[in-house]
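Visitor: I'd like a close look at one part of this chain, please. Pick a residue and walk me through what sits around it, then zoom out to the rest.

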Amino acid sequence: MAAPQTLGSLELLVLLAVLRLGDGAYAVAVRDAIAERTQSDPSRGAVSVTLDRLDRKGLLRSRLGEPTAERGGKAKRLYTLAAPGHQALRATLQGTHAMLQG
């Protein structure tokens, strides 16, 4: 079995936001969740690129939601955490915790 992927800081925050948001995770909600909880202001573009990259890596799964009037009839791309995403989160957080232990 291959070792879980190591996550960059924005990748970690994006996966945690998707996990927190559940089925309602889409780019703007993910960005807003990160901004609210970290008092940072990631750009929409950076979050969108990261979501796409994590989807291509197989750490997230995406699907198109129903079209909405608020978006002019466009559908939102919704994201959920895939099993490899859970593994990568766990490995990254365990590594971080180990480093904090001294």
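Guide: Let's start with R31, which sits in helix α2; helices here are DSSP runs of H or I with at least four residues, strands are E runs of at least two, and both are numbered from the N terminus. Keep in mind that this is a predicted model, where local features need pLDDT of at least 70, side-chain atom pairs count only at pLDDT 80 or more, and totals for chains, interfaces and linings use all residues. Residues are numbered from 1 along each chain as its sequence is written, and side-chain values use heavy atoms, with hydrogens and water left out.

So is R31 buried or exposed? It counts as buried, because its relative accessibility is 16% (buried is under 20% relative accessible area, exposed over 50%, partly exposed in between, with a 1.4 Å probe and protein chains only). Its side chain reaches the backbone oxygen of P42 at 3.3 Å. Setting aside neighbours within four places in sequence, R31 touches D41, P42, S43, R44 and V47, a contact being heavy atoms within 4.5 Å.

Now for the loop between α2 and α3, where you'll find Q39. Q39 is not a glycine, yet its phi is positive, near 55 degrees.

On to the nonpolar core (buried Ala, Val, Leu, Ile, Met, Phe, Trp, Tyr and Cys residues joined through side-chain atoms within 4.5 Å). The largest one has 19 residues, and L7, V14, L15, V18, V30, L51 and L60 touch the most other members. At least two residues each come from α1 (9-21), α2 (27-38), α3 (44-57), β2 (75-81) and α4 (83-100). The largest share, five residues, belongs to α1. As for L51, its contacts beyond four places in sequence are V14, V18, A27, L60 and Y79. In soluble globular proteins, nonpolar side chains tend to be buried together.

Zooming out, the chain has four helices and two strands, in the order α-α-α-β-β-α. Its C-alpha atoms fill a box of roughly 50 × 35 × 20 Å along the principal axes. Buried residues make up 30% of the 102 in the chain. Take the contacts between residues at least 6 apart in sequence: 51% of them join residues at least 24 apart.

Technical notes
A polar contact is a pair of N or O atoms within 3.5 Å; within protein, one must be able to donate a hydrogen and the other to accept it, and residues adjacent in sequence count only if both atoms are side-chain atoms.
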